[in-house]
Amino acid sequence: MSNFSLSRRKFLATAGASAASSVLLKGCLGNPPTATTTTTDATTTGVAAAPTGANPEQAPETTRIKLGYIPIVESAPLLIGKEKGFFAKYGMTDVEISKQANWASARDNVTIGASAGGIDGGQWQMPMPHLISEGIITNGQKIPMYVLAQLNTQGNGIAVAGIHQGKGLTLDISNAADYIKGFQASQGRKFKAAHTFPNVNQDFWIRYWFSAGGVNPDTDIDLLAVPPAETVQGMRNGSMDAFSTGDPWPFRIVSDGIGHMAALTHQIWKFHPEEYLAIRADWVDQNPRATKVLLKGLMEAQQWCDQPENRAELVEICSGRNFFNIPKTVLNPPFQGKYEMGDGKQAFNDIKAGPLYWKDGIGSVSYPYKSHDLWFLTESMRWGFHRDTLTDFDAAKRIIDAVNREDLWREAAQEAGFDADIPESTSRGIETFFDGKKFDPENPEAYLKSLEIKRA
Ligand code: CA
C-alpha cells in the first residue's frame with residue numbers, strides 16, 4: 001500500500017491550525033487591475049461588499065490568472081465567480097475566463113501556459129489533470145497539475161437517436177442488448193455512439209451504461225470521439241445512434257425531435273463526480289495564497305449557484321453572448337431540474353436531478369474527494385487505458401497523491417469560515433451505481449472483479 005491517504009489523519013492534524021483566521025483580506029482590494037481582461041468588469045453586475053477585517057497574511061501573490069472553460073453547465077461557477085465578483089471580493093481582481101473551442105484546445109493551451117498565450121488552468125473532465133501531469137495526452141510532455149475543487153455534479157446524460165424509439169433504450173438496456181448487438185446483421189454497420197474526448201467522463205458514463213446492460217462498448221459497437229454538433233447532425237441523418245452528452249444538449253435533442261434521453265447521469269450514479277478545477281502546479285506552487293483566494297471566491301460562487309432563487313440570474317449570465325451564447329429557454333429547464341426524456345419515459349422535475357455545485361444529497365460537491373479520483377483511475381484500468389502508467393493501484397494512488405490538493409481546498413474553506421461544510425475524510429465512502437454495483441475506495445480490486453464486461 002502506498003502512502004495514499006483516505007483517512008482523517010491529515011485533516012485532524014491541521015484542523016486547528018488556522019481556525020482563527022477566518023477573517024478576510026482587505027489590503028489588496030484597492031489595487032488597480034494590472035491588465036485588462038476579455039470579460040466584463042465584475043463591478044457591473046452587482047457585487048457583495050468587500051469584507052472587513054483583512055488578514056494581510058492571506059493576501060494573494062498575484063491578482064491575475066487565466067482560466068479556460070467549455071460553454072456547458074459545468075463552467076457556471078467560474079463564470080459566476082467572475083461576473084458576480086466573488087473572485088474579486090476575496091482579492092483575485094484579474095481573473096480572466098477564456099472560452100476553449102474544445103477539450104483538446106484546453107489541453108494544448110494549458111500545456112503552453114498563460115505566459116505563452118495559453119491558460120494557467122481551468123475546467124476539466126476527469127482524469128485529464130492526471131493524464132496531463134503524466135504526459136499521457138501531451139505527447140509525453142509532463143505538465144504537473146493540481147486538482148483543487150470539483151465544479152459540479154450531474155447535468156449529463158445519454159441521448160439516443162429518434163430512430164430507436166420504442167426499442168427499450170432506457171436506463172437499463174438489458175432488453176435492448178440483442179437489438180444493439182444485432183445492428184451489424186440488420187443494418188450492415190455497428191451501432192455507433194459518440195463522446196467528446198476519449199478516456200474521460202463522457203466516455204466512462206456511456207461505457208458504464210452499455211456494459212451494465214450487457215453490451216461490450218469495445219467489441220459490440222463503435223464508440224468514437226466526435227464533436228457535439230457533428231454528433232447531433234449524425235443523429236438527425238441516421239448515421240449516429242447514441243451520444244454521451246451534457247447540458248444544454250439533452251434539452252435540444254429532445255425538444256428538436258432529434259432523439260430521446262435514455263438516461264441522466266443522475267440515474268446512473270446519483271451525485272457522481274463530474275468536472276473539476278485544476279491549475280498548473282508551477283502556478284499554484286508560486287502562488288499558494290492566490291490559489292486559496294481563488295478557491296474562496298469559487299466556493300462562494302458555488303454556494304450562490306445552488307440557491308434556487310439565483311438560478312434565473314445564473315441563466316441570464318451564462319446564456320449571454322460573451323459566454324454560452326444560447327437562448328435562455330435552452331438553459332432554464334436543466335437549471336430547474338426539468339428534463340423531458342422522450343420515448344414515453346417520465347419527465348424529471350427535481351432541482352436535485354440537475355447540476356449542483358456546492359452540496360448534494362451525500363456530501364460536498366466542491367471538495368475534491370480523493371476517492372473519486374480513484375474511481376476515475378480504477379475505471380481507466382477497467383478499460384485498459386494507459387496501461388504503461390496505470391500499472392496497478394499503487395501507481396494510481398501515487399498519481400492521485402501528487403495531483404489532488406484537497407489540503408488547499410480545506411485551508412481555503414477554513415479561512416473563509418465554511419468550516420461546517422468541510423468533509424471529515426478524503427473519501428466519500430462506498431459508492432453505489434444504478435445496477436447495484438458498489439465501489440469501495442478501500443477495495444477497488446473488488447469493484448473491478450465485480451464487473452462482467454471489462455478489458456482488465
Ligand atoms: Ca461533463
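Guide: Strand β3, residues 121–124, and strand β10, residues 276–280, pair in the antiparallel sense over four bridges. Strands here are DSSP runs of E of at least two residues, helices are runs of H or I of at least four residues, and both are numbered from the N terminus. Two strands count as paired if DSSP finds at least two bridges between them. This is a predicted model, in which local features need pLDDT of at least 70 and side-chain atom pairs count only at pLDDT 80 or more, while totals for chains, interfaces and linings use all residues. Residues are numbered from 1 along each chain as its sequence is written.

Two positions locate the pairing of these strands. Gly121 has Ile279 of β10 as its bridge partner, and Gln123 stands opposite Leu277 in β10. Strand β3 also pairs with β1: the two run parallel and are joined by two bridges. Here Gly68 stands opposite Gly122 in β3. In general, strands of a sheet pair through backbone hydrogen bonds, either parallel or antiparallel.

These strands belong to an open sheet of five, in the order β2-β1-β3-β10-β4, with mixed pairing. Its edge strands are β2 (94–99) and β4 (145–150), each of which pairs on one side only. From one strand to the next the twist averages 25 degrees. Angles run from 0 to 180 degrees between N-to-C directions, and the axes are lines fitted to C-alpha atoms, for helices over the stretch in contact.

Helix α2, residues 76–83, packs on this sheet and touches β1 (64–69), β2 and β3. Two residues are in contact if their C-beta atoms, placed from the backbone, lie within 7 Å. The direction of helix α2 makes about 140 degrees with that of β2.

Next comes the nonpolar core. A core is a set of buried Ala, Val, Leu, Ile, Met, Phe, Trp, Tyr and Cys residues joined through C-beta atoms within 7 Å. A residue is buried if 20 or more other C-beta atoms lie within 10 Å of its own, exposed if 12 or fewer do, and partly exposed in between, with C-beta atoms placed from the backbone. The largest nonpolar core has 82 residues, of which Leu79, Met92, Leu148, Ala278, Leu295 and Cys318 touch the most other members. Helix α13, residues 288–305, gives the most to this core, with nine residues. Leaving out residues up to four places away in sequence, Cys318 touches Ala76, Leu79, Phe323, Phe324 and Leu331. Another core lies apart from the largest one and has 41 residues, including Leu169, Phe191, Trp205 and Phe210.

The loops around the sheet have two backbone details. The peptide bond from Met126 to Pro127 is cis, with omega near 0 degrees. Pro127 is in the loop between β3 and α5 (128–133). In the loop between β4 and β5 is Gln154, whose phi is near 65 degrees, a positive value in a residue other than glycine. Gln154 counts as buried because it has 28 other C-beta atoms within 10 Å.

A second sheet gives some context. It is also open and has five strands, in the order β7-β6-β8-β5-β9, with mixed pairing. The edge strands in this case are β7 (222–225) and β9 (259–264), and each pairs on one side only. Its neighbouring strands are turned by 25 degrees against each other on average, direction ignored. Strands β6 (residues 192–195) and β8 (residues 242–246) run parallel and are joined by two bridges, and in β8 the bridge partner of Ala194 is Phe243. Helix α9, residues 228–237, lies across β5 (156–161), β6, β8 and β9, at about 140 degrees to β8. In the loop between β8 and α10 (249–255) is Pro248, and the peptide bond from Asp247 to Pro248 is cis, with omega near 10 degrees.

The protein chain has 19 helices and 14 strands. Of its 456 residues, 52% are buried. Among contacts between residues at least 6 apart in sequence, 78% join residues at least 24 apart.
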